[in-house]
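Please read this briefing alongside the sequence and the coordinates shown below.

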Amino acid sequence: MQEVERIMKYVMQILPALLSGTGMTLRIFCWTLVLSLPLGILVAVGELSKFNPLEWLVRFYVWIMRGTPLLLQLIFVFYGLPLIHIVFPRYQAALFAFVLNYAAYFAEIFRGGLQSVPQGQFEAAKVLRLSHWQALQHVIIPQVVKIVLPSIGNEVINLVKDSSLVYVIGLGDLLRAGNVAMARDVTMVPLLLVGLIYLALISLCAFAQRKLEAHFSYYK
Amino acid sequence: MLEIKNLNKSFNGRPILRDLSCQIPTGGILTVVGPSGAGKTTLLRIIAGLETKDSGQLLLNGQAIKQGQIGVVFQDFNLFPNLSVLQNVALAPELVLKKTKDEAQQTAKHLLTQLQMAEYQDQYPYQLSGGQKQRVAIARALAMQPAVLCYDEPTSALDPNLRRAVGDLILGLQKTGLTQLIITHDMAFTQQIDQQVLRIKPLAEE
């Protein structure tokens with residue numbers, strides 16, 4: 001009993017530091033989502049563009065972002081770019097790298113979604129004289145959203161975990177808070193707590209994903 | 001009257017349609033028959049504005065065809081899966097003809113009733129059989145008040161016992177003064193319609 005009490009007391013002691021780290025993790029997570037989803041849509045449209053230079057530029061960007069580790073990109077932005085006098089503060093550097101990286105993945109998902117709407121849907125809209133934008137708004141985009149939801153959900157869950165990479169550039173996120181406490185107090189408890197907090201965050205995301213998918217299950 | 005004059009079309013130098021001419025009087029039905037690869041669907045797509053022509057004229061009552069005068073019932077119907085039956089029919093009248101939502105829905109309900117689909121108005125396309133989807137597709141096209149309605153292989157997705165019903169439906173629509181063009185390779189069906197027939201053959205490669 002005494003042992004349990006001692007552990008509980010220790011948990012209460014380190015919890016503020018862990019929660020503050022969770023705050024940083026959530027900030028990175030939310031801002032990356034808010035910025036990279038719209039950017040991903042723009043990039044997807046660019047990839048399907050019939051204007052060749054734009055298409056090549058966008059493909060090159062996606063190639064680099066998916067072809068190199070996110071960790072490398074983070075280090076490059078924060079430690080590499082200052083060598084050519086482009087200096088980002090830590091937090092902005094992290095967001096910059098995350099948004100560019102995630103937008104590339106989202107773009108590929110949106111492109112696949114757009115391409116999997118049958119050509120006949122566009123043609124039916126055309127003979128009914130719907131404008132391009134009306135067709136997108138009422139017919140195409142609702143279908144794309146349903147198609148991409150499972151893949152977007154996967155990426156969102158990955159993002160929760162990938163946000164832990166920011167600790168290499170010295171940002172105090174959840175994982176770093178746990179790591180510091182473990183090294184200082186020589187105990188596994190902080191790591192277990194960190195794991196539990198990640199699990200809770202991801203369970204929330206998965207729950208939201210299931211709700212959204214259920215909302216779109218009224219048709220097949 | 002729908003007139004097609006000296007229509008030519010080739011894909012990558014391969015001729016598909018050459019100097020094709022025909023006429024359908026207003027309220028008439030033209031059945032276009034021929035083996036696959038003869039260019040039947042290409043003809044329909046050109047009339048519907050989904051494909052460009054190389055040369056020739058498409059005239060409706062002496063004037064070049066404008067968008068919206070031609071309605072299309074696609075071979076696999078291309079209903080919008082995310083919209084209910086009623087929404088499928090009412091969407092374009094509301095967005096394009098600028099009807100109010102109420103007006104558009106009233107017209108849609110009226111058409112669905114005529115086509116015996118009123119009880120399915122709140123269902124989604126995946127819940128319907130092939131024949132039911134086809135009637136929704138016809139209602140959707142008619143809601144835009146086309147002068148000519150084109151069907152691409154209207155019997156291909158149907159059970160044999162439903163073929164006669166479509167034929168009756170098409171003949172029924174003729175009484176409303178609608179001009180209709182049917183692409184098919186179903187000879188029994190062509191005999192049932194029993195009106196003007198245009199036979200086209202694949203052009204020999206040169």
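What follows is a set of notes, grouped by topic, on a predicted model. The largest pocket has a volume of about 890 Å³, while the largest cavity holds about 60 Å³ of space. Over all chains, the structure also contains eight aromatic pairs.

**The largest pocket**

- The lining of the largest pocket is made up of 26 residues, and those that lie nearest its centre are A:Leu114, A:Phe122, A:His132, A:Leu136 and A:Ile140.
- Four helices of chain A, namely helix 1 (2-47), helix 4 (90-115), helix 5 (119-127) and helix 6 (132-162), each contribute at least two residues to the lining of the largest pocket.
- Helix 6 of chain A gives the largest share of that lining, with eight residues.
- Sorted by class, the lining of the largest pocket comprises 18 nonpolar, five polar and three charged residues.

**The cavity**

- Rolling a probe the size of a water molecule over the atoms shows where empty space is left.
- The structure holds one cavity of 30 Å³ or more, and the space in the largest cavity comes to about 60 Å³.
- Residues from chain A and chain B line the largest cavity: A:Val127 and A:Leu128 are joined there by B:Gly68, B:Ile70, B:Gly71, B:Val72, B:Ala137, B:Arg140, B:Ala141, B:Met144 and B:Pro146.
- Within chain B, strand 6 (70-73) and helix 4 (130-142) each supply at least two residues of the lining of the largest cavity.
- By class, the lining of the largest cavity has eight nonpolar residues, two polar residues and one charged residue.

**Surface patch**

- A:Trp31, A:Val34 and A:Leu35 together make a nonpolar surface patch of about 290 Å².
- A:Val34, one of the residues of this patch, belongs to helix 1 of chain A, and helix 1 of chain A also supplies at least two residues of the lining of the largest pocket.

**Aromatic pairs**

- Among the eight aromatic pairs found over all chains is the stacked pair of A:Phe98 and A:Tyr102, whose ring centres lie 6.4 Å apart with 5° between the planes.
- Both A:Phe98 and A:Tyr102 are in helix 4 of chain A, where they are four residues apart, or about one turn of the helix.
- Helix 4 of chain A, which carries this pair, is also among the helices that supply at least two residues of the lining of the largest pocket.

Notes: Residues numbered from 1 in each chain as written. Chains lettered and ligands numbered in written order. Predicted model: local features only at pLDDT ≥ 70, side-chain atom pairs only at ≥ 80, totals over all residues. Heavy atoms only, no water. 1 Å grid on protein atoms, 1.4 Å probe; cavity = no way out; pocket = protein on both sides within 12 Å on 5 of 7 lines; lining within 4 Å. Points joined across faces, edges and corners; volume = space filled by probe spheres on them. Nonpolar A, V, L, I, M, F, W, Y, C, P; charged D, E, K, R; others polar. Patch = residues over 30% accessible without salt bridge, like charges linked within 9 Å, V, L, I, M, F, W, Y side chains within 5 Å. Areas by Shrake-Rupley, 256 points an atom, 1.4 Å probe, with all protein chains shown as cover. Salt bridge = Lys/Arg side-chain N within 4 Å of Asp/Glu carboxyl O. Phe/Tyr/Trp six-rings, centres within 6.5 Å; stacked < 30°, edge-to-face > 60°.
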